[in-house]
Amino acid sequence: LVVTGDPDMLAVPWNALPSRVGVATTVAPSLTGWVRSASTNRANGAAPWVLAAGPDLDVADHELTVLSELRPDAAALARTDASADRLLTALDGAAGAHLIAHGSIRSDNPLFSSFRLVDGDVSVYELDDLSAPPDMVVLSACHLGLSSSAPGRELLGMATGLLAIGTSTVIASTLPVADDRRTVDLMTGLHRALLDDDRPAEAWARVQRNADDEARLDAAAFTVFGRGW
């Protein structure tokens with residue numbers, strides 16, 4: 001299922017709906033944008049992923065360690081190493097990025113929506129300077145999938161901002177996410193599915209299907225935005 005339409009629909013936790021649990025679903029700001037991204041086959045499969053952790057997250061180090069074992073070729077930035085400059089440099093040209101960081105949505109100027117690193121925040125404005133943004137971005141903490149509607153019904157926020165600058169798929173939460181081992185297990189399952197060549201929307205559907213009842217509630221908070229496959 002590809003969902004597009006009214007901007008308010010992007011905030012709906014689609015994977016929480018009984019008919020969508022464990023079924024591939026992706027949400028796109030516009031049908032035109034989805035068609036464009038779905039017809040683009042970016043040749044970056046050989047490029048490394050970037051894994052980065054922000055401060056004040058209890059299980060960030062554990063999540064980073066587990067994902068680094070799954071992706072030994074990834075550029076892994078621990079909480080003390082993940083400065084804004086180092087992360088932005090690593091992101092340029094990366095195949096994908098997994099960011100374990102708190103974030104904030106700015107309703108007054110959503111392009112200042114940001115995620116937090118050891119030396120400060122990185123905003124959508126700064127990501128727009130990337131010459132080759134990651135094809136896929138996973139935001140595993142906070143509710144960075146939310147967007148605000150600007151005048152003219154334009155959607156602005158972290159997930160939609162990433163799609164606007166060229167990222168094809170974003171997986172992020174539209175609901176608060178617990179900072180605990182259940183989220184780590186979900187993200188581990190996601191990367192295992194991606195490494196098995198599942199497309200992002202199907203990979204997340206597989207995570208939901210394999211989760212127990214408690215973890216499935218956490219998985220329902222996340223939405224696949226953009227191309228999805």
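Mentor: Before we start, the model is predicted, with local features needing pLDDT of at least 70, side-chain atom pairs counting only at pLDDT 80 or more, and totals for chains, interfaces and linings using all residues. Residues are numbered from 1 along each chain as its sequence is written, and side-chain values use heavy atoms, leaving out hydrogens and water.

Trainee: What makes the pair of phenylalanine 112 and tyrosine 125 edge-to-face?

Mentor: A search of the whole structure gives three aromatic pairs. In this one the ring centres are 4.9 Å apart and the planes stand at 70°. Rings of Phe, Tyr and Trp (its six-membered ring) pair if their centres lie within 6.5 Å, with planes under 30 degrees apart stacked, over 60 edge-to-face and the rest tilted, so the pair is edge-to-face.

Trainee: Why is phenylalanine 112 called partly exposed?

Mentor: Its relative accessible area is 36%. Buried means under 20%, exposed over 50%, and partly exposed in between (1.4 Å probe, protein chains only), so phenylalanine 112 is partly exposed. Tyrosine 125, at 39%, is also partly exposed.

Trainee: How do you know that the charged end of arginine 71 sits over the ring of tryptophan 49?

Mentor: The charged end of arginine 71 is 4.2 Å from the ring centre. The label asks for NZ of Lys or CZ of Arg within 6 Å of the ring centre and within 35 degrees of the ring normal, and arginine 71 is listed as sitting over that ring.

Trainee: Why is helix 6 called oblique to helix 7?

Mentor: The axes of helix 6 (residues 181-195) and helix 7 (residues 200-210) come within 9 Å and cross at roughly 135°. Angles under 35 degrees count as roughly parallel, over 145 as roughly antiparallel, 65 to 115 as roughly perpendicular and the rest as oblique, which makes helix 6 oblique to helix 7. Residues of helix 6 including Leu186 and Leu190 meet residues of helix 7, among them Ala203 and Trp204, where contact means heavy atoms within 4.5 Å.

Trainee: What makes aspartate 197 stand out in its phi?

Mentor: Most residues other than glycine have a negative phi. Aspartate 197, in the loop between helix 6 and helix 7, has a positive phi near 75°. Aspartate 197 is exposed, with a relative accessible area of 57%. Aspartate 56 also has a positive phi, about 65°, and counts as exposed at 56% relative accessibility.

Conventions:
Axes are lines fitted to C-alpha atoms, for helices over the stretch in contact, and angles run from 0 to 180 degrees between N-to-C directions. Helices (H or I, at least four residues) and strands (E, at least two) are DSSP runs, numbered from the N terminus.
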